[in-house]
Amino acid sequence: MERYFDIIVVGAGHAGVEASIACAKMGLTVALVTMDLSAIGRMSCNPAIGGTAKGHLVREIDALGGVMGILADKTGIQFKMLNRSKGPAVWSPRCQSDKDLYSLAAAEMVKSFANITLVQDTVQSLKVEEQQSGVFKYSIKGIVTELGSNIQCKSVIITSGTFLNAIMHTGTTQTEGGRAGEKAANGLSDNMLELGFVTGRLKTGTPPRLDINTIDFSKTELQGGDGNPKPFSFRTPLESFPIQRQIDCFLTYTNERTHDVLRTGFEESPMFTGRIKGVGPRYCPSIEDKISRFSEKPRHQIFLEPETLNGETIYMNGFSTSLPLEVQEKAARTITGLENVKIVKKGYAVEYDFFPTHQTNLSLETKLVSGLFLAGQINGTSGYEEAAAQGLIAGINAGLKAAGKEPFILKRSEAYIGVLIDDLINKCPEEPYRMFTSCAEYRLILRQDNADLRLMKYGYELGLLEQTAYDKMTAKKELIHDVMNYFSSNTLTPKEVNEFLKENNSSEITQGEFISNLVRRNEIKLSQLIDKTILKGSNIVQGLVNNPEVLEQIEIELKYKGYIQRQTEQVNNFNKNEEIKIPEDFKYDRLRSLSAEAREKLNSIRPNNIGQAMRIAGVRPSDISALLIYMRG
Amino acid sequence: MNVNNYDTIAAISTPIGEGGISVIRVSGDKAFEKISSIFFKDKSGKNNFDIGSLKSHTIHFGYVFNRGEIIDEAVLSIFKSPHSYTGEDVLEISSHGGVLVTQKVLAAILSLEIRHAEPGEFTKRAFLNSKIDLSQAEAVADLIKSKTDSAHQSSIKQLEGSLSDFVKKTRQDLINLTSLVELELDFAEEDLEFVKKDELKEKILSLIKRIEGIIATYISGKVIREGVNLVIAGQPNSGKSSLFNYLLKTNRAIVSNVEGTTRDYIQENLIINGVLFNLIDTAGLRFSEDEIESEGIKRSYEKITEADLILYLIDASDKEEKINESLAYYNHHIEKEKSILVYTKIDKAEIEKQNEPAISLLKDDSIESLKKLMTEKVTGKGISSGSSDIILTNLRHKVCLENVVASLENSVKTIEDGMTGEFISVDFRNAMKYLGEITGEVTNDEILNNIFANFCIGK
């Protein structure tokens, strides 16, 4: 059977969902191929979206017209802004999700696009055609599936998650499969190896799920959500938010006894016995890893998080393990509140193939096969948000390629998504990559609150973002601009403001002071300044009263002006090097003065510009100088 | 083309050591005029070249003279502005190789109010005159660095080695501090102990102090590149000019037995054991009714305060009373850190001075050991006898370190203002960037690696 779709997306996880919807919105026909139609947008691990830096990604995905934020808002059962005690740049939204509702909402969203066709099947191999000239060795033609389907296409986006040659480990038991109860996908990896790709092995893990009825929550600490929850999506109406009933989570701790019990299982640990060859994420270590590496720590946090609103399972956050089930349960029962706990789904580790990212361009298209895009865990990342961000970008670029347009690449100075992909391609991580705010150099500018101002123009131009959202952003931008102008050109007199200043322990003024300077004072809150002074009556400020988002932007921009300026300078310096393009077919081998390592790395990564070249691990400043001299001829 | 008006500079452009030829490069608008006065067509020393009238990109055979004596036969290459490496008028004298000859030619050039070039200065000018861009300049500098191998260069390299160790260590300290700050931001939910803001501030302040200590050594580092300002001081008739002349092996300074003969200071350049000394002979230190001489003495005092190294001479053959008087002056007025007390005329002296270097112009080996002491004093721990063995030898490094300090000071202010980690880290990042400019970039990975290595995190 032969069929044709513009784009084939392989895998319907968080990357696959974003990729197919992006392509569909760009007017292309999409085949979304998944091994299990009931697993669309499944939360295989933590029933949560967002968190530090990850929350930024979700906001950016939303601003570009992606769906993760909307899905999270629809299905979130506890919303929390992390890092509230810090400055606004590192505030990060996070929510607990009802994982079943999330998956249903994702499926519903996908199905709402008439030009997306769902295909339940497994891809066996890629069909390619050898290229006679150009930078690619092959170009993609289509896929062949296990069930014998032959699907033609312009581009293939592979978002296969942990499923390629996946092996699950619990104790000494090994099972083939990418997720508990789900089989692995074995043909595709081998097929890609034949084409000349290289693969690596990574490992990730998940904690046990607990029976909610066997936990004594009264002995644990309550972890509530924010009183005034904020949605992820700029497009979710505030009036009807939150949509789902909100729930609590709970916190308890391991203790020395827990650690002793866990240690009894070490000799059966697939990690310590070397049966797991893949490299695991250091930031999300298994509990056995934590107690062996940090043996001086007497206890570790365990968050008890409901997986669904009405269901019976609790996600045991902080207890990721691949020890034998008996050990898992025995150890869990040493923990306060879990004395009688029953494990309903054991923890396990999963090893899977990934494609080290030196094989991929910043557009997420492979260097070997034109029209073949890779996104998500297959690129060595971990996390739903990281996957979704890549899926979105891969989808956009597959769409642009189909239209014969240049790829869409976000700079490090524009978005966390830019940082994510730039890190992936240039650093070629050897452990699962997770987004952190410390990965972003320019985070005072890349805030979650201004993701719309930064990125909606792109989402709109690409055809992913609705007119209404775009118009709302434009109006917001204009209002910010007008108010900022007003504040920096109008003054308040001592008579108008001194009483207010006094009340707020702020030094009084002796002559008229610009409003912007008053707002800049740490102890002054803009909302109160407006409320308590004649500003309230002014026309321009009227627009602010019902617009807390604009108020927030203005306050941030004014209060942190010095820092933001310093950061803007850093960005300007950064951009200088980004603008020096390196020709696509640059012959690094001709450059004798390059160090051998630099030559190898430059040849394999083929940076677009000098800035990117500078970020490649192993490329030294002297190599960059040599490169620049040579390019000048 | 050459819109920038810089002084004329010269330096040996080939590595110092035994070789077929050595090339000395001179660049600047006075190059042709000045060198014309020492480059002659024949051995008579009468027919000098008028280099300015010669065509660009031509070579000429001739003789280099210094004060009437032939130093070497040499080939002169002429590059007229703007068609030269630096964009300025450039000439290159290819002399016979060998340390002594080459340095003699250089000394002859440096006696013409031509300044000794700093390392990389030709390239810097090429950059400033838009002949090359900054990165090209840096690449050339790297090339030069990797090729030179003179005693002088290697001593600098050694000093730079300790600098890069210092930078490495400081960078690691900064990474540690940044990690502490980042940890708090990225792992908000983890139950981790974070550094207290006061402690953080203390740590930054001690870091600033350490870096400032290094910046303070810069003067002496500069000295090594631009030359050591050496002042020969002492009471009248203590043998200053004799030593001065002896060191130069010339008769440039007027020497006489009448007190106060040297009425002004005289400057000469000399390379001793690979270190360039700018010798300054001063008028004797005493009060004088003679107006002209008083002016000379006043200048002597100025020179003494500007000096990097002072040779303070005491005539060992003098009466004990006068020796003590001079010693008292030395003890009161001369900085011990940057001076050497030298007893002179020991061949005529009755008492032996054993604790201090003692010389006689009649004993060559006594001068040799003084020379050794002089170079040790400037390249070793002598002048910058602060807490570290680092001497900052490069202006760019100094500026980088100053920027590091400024950034750290910003971060201290941020802490004092009660701001949180993401603001503190803006300036940490700047500080690391500036440190990175000395040795290589710091990557974000390093910070994360550090976090993972030292803290238990992850739910």
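**Figure 1. Surroundings of Ile61(A) in the predicted model.** Ile61(A) counts as buried, because 32 C-beta neighbours lie inside 10 Å and 20 or more are enough for that class. The residue is found in helix 2 of chain A, a helix that covers residues 54–63. When neighbours within four places in sequence are left aside, Ile61(A) is in contact with Glu18(A), Gly66(A), Met68(A), Gly69(A), Ala388(A), Ala389(A) and Leu392(A). The view also includes Gly391(A), which is 330 residues apart from Ile61(A) in sequence. In space, the C-alpha atoms of Ile61(A) and Gly391(A) are 9.9 Å apart.

**Figure 2. Crossing of helix 9 and helix 10 of chain A.** Helix 9 of chain A spans residues 384–402, and helix 10 of chain A spans residues 416–427. Their axes come within 10 Å and cross at roughly 90°. The two helices are therefore roughly perpendicular to each other. On the side of helix 9 of chain A, the contact is made by Glu386(A), Ala389(A), Gln390(A) and Ile393(A). Helix 10 of chain A contributes Ile417(A), Leu420(A) and Ile421(A). Sorted by class, this contact has five nonpolar residues, one polar residue and one charged residue. Ala389(A), a member of this contact, is also in contact with Ile61(A).

**Figure 3. The open sheet of six strands in chain A.** The strands follow the order 16-17-18-19-15-20, and their pairing is antiparallel. At the edges stand strand 16 (221–223) and strand 20 (343–345) of chain A, each of which pairs on one side only. Neighbouring strands of the sheet are turned by 35° against each other on average, direction ignored. Strand 20 of chain A pairs with strand 15 of chain A in the antiparallel sense over two bridges. In this pairing, Arg209(A) stands opposite Lys345(A) of strand 20 of chain A.

**Figure 4. Strand 19 of chain A and its partners, strand 18 and strand 15.** Strand 19 of chain A comprises residues 313–317. Four of its five residues are buried, so the strand is largely enclosed by the rest of the structure. Strand 18 of chain A, residues 301–306, pairs with strand 19 of chain A in the antiparallel sense over four bridges. A hairpin joins these two strands through six residues. Across this pairing, Leu304(A) stands opposite Met316(A) of strand 19 of chain A. Strand 15 of chain A, residues 209–211, runs antiparallel to strand 19 of chain A and is joined to it by three bridges. Here Asp211(A) stands opposite Thr313(A) of strand 19 of chain A.

**Figure 5. Contact between domain 1 and domain 2 of chain A.** Chain A is divided into domain 1 (2–205 + 352–461), domain 2 (209–349), domain 3 (467–565) and domain 4 (579–632). The C-alpha centres of domain 1 and domain 2 of chain A lie 26 Å apart. Their contact takes 42 residues from domain 1 of chain A and 48 residues from domain 2 of chain A. Among the elements that give two or more residues to the domain 1 side are helix 2, helix 3 (68–75), helix 4 (99–111) and strand 5 (76–82) of chain A. The residues on the side of domain 1 of chain A that touches domain 2 of chain A divide into 14 nonpolar, 14 polar and 14 charged.

Conventions: Residues numbered from 1 in each chain as written. Chains lettered and ligands numbered in written order. Predicted model: local features only at pLDDT ≥ 70, side-chain atom pairs only at ≥ 80, totals over all residues. Axes fitted to C-alpha atoms, helices over the stretch in contact; angles between N-to-C directions. Parallel < 35°, antiparallel > 145°, perpendicular 65-115°, else oblique. Contact = placed C-beta atoms within 7 Å. Nonpolar A, V, L, I, M, F, W, Y, C, P; charged D, E, K, R; others polar. Buried ≥ 20, exposed ≤ 12 C-beta atoms within 10 Å, placed from the backbone. Pairing = 2+ DSSP bridges. Domains from an automatic or database assignment.
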